[in-house]
Every structure is written in C-alpha cells, then in structure tokens.
Amino acid sequence: VPHSPYNGPALVAAVHVIAALPDEMLCERLYGELAANPVGDWAAARDGHLRVPDRPGLGIEIDLDVIARYRVA
C-alpha cells in the first residue's frame, strides 16, 4: 500500500500515483489534524476517501501564509 508520512504535497503526489493505477488501492496517510495545512483541505479524508486534484501539476496551491506563520528559523 503506498503511503505518505506527510500531510502536504507528498501526500497529494502519492494520491496521484494511486489514481493512475489500473486497480483500486488504499493510501496510507499520517493521521493528525494540523492547526493549519499549507495544502488546504486536500489532505483531509472525507468518508474514508482522499480527493484527486485535477488541475495542472499536483493540482494544488500552497498557502504561503500558512508557511510563513509556522516557519521555524
């Protein structure tokens, strides 16, 4: 089962790989709710399913305000 120990772009990339496979497959993800997620709700499972973005690239936009707010120097 492909998995991603992240809640950001790496998880979305894993979802894209799984969606491209010919058979249904599970996606293991790190469970944990963040105060704010830089990928918005794309990392949130709904009814046990993750959505596959359909825009170019990974199909998500990184919220740079979230990155700036939680950056540790």
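By contact I mean heavy atoms within 4.5 Å. With that settled, here is the chain. This is a predicted model.

First, the layout. The protein chain has two helices and two strands, and from the N terminus on they run β-α-β-α. Along its principal axes, the C-alpha trace spans about 40 × 25 × 20 Å.

Next, the interior. Of the 73 residues in the chain, 23% are buried. The largest nonpolar core is made of six residues: L11, V12, V15, V39, A43 and I60. Take V39 from that set. Leaving aside neighbours within four places in sequence, V39 is in contact with N7, G8, P9, I60, E61 and I62. For the chain as a whole, contacts with a separation of 6 or more are 57% between residues 24 or more positions apart.

Now the surface. The chain exposes about 5400 Å², and carbon and sulfur atoms supply 57% of that area. On charge, there are 6 positive and 10 negative side chains, with the centres of the two sets 8 Å apart.

One backbone detail to finish. Most residues other than glycine have a negative phi. D47 is not a glycine, yet its phi is positive, at about 55 degrees. Is D47 buried or exposed? Its relative accessibility is 78%, so D47 counts as exposed; the cut-off for that is over 50%.

Terms used. Residues are numbered from 1 along each chain as its sequence is written. This is a predicted model: local features need pLDDT of at least 70, side-chain atom pairs count only at pLDDT 80 or more; totals for chains, interfaces and linings use all residues. Side-chain values use heavy atoms; hydrogens and water are left out. Helices (H or I, at least four residues) and strands (E, at least two) are DSSP runs, numbered from the N terminus. Buried means under 20% relative accessible area, exposed over 50%, partly exposed in between (1.4 Å probe, protein chains only). Accessible areas come from the Shrake-Rupley method with a 1.4 Å probe; for residues, only the protein chains shown count as cover. Lys and Arg count as positive and Asp and Glu as negative; His and the chain ends are not counted. The place of a charge is taken as NZ of Lys, CZ of Arg, CG of Asp or CD of Glu. A nonpolar core is a set of buried Ala, Val, Leu, Ile, Met, Phe, Trp, Tyr and Cys residues joined through side-chain atoms within 4.5 Å.
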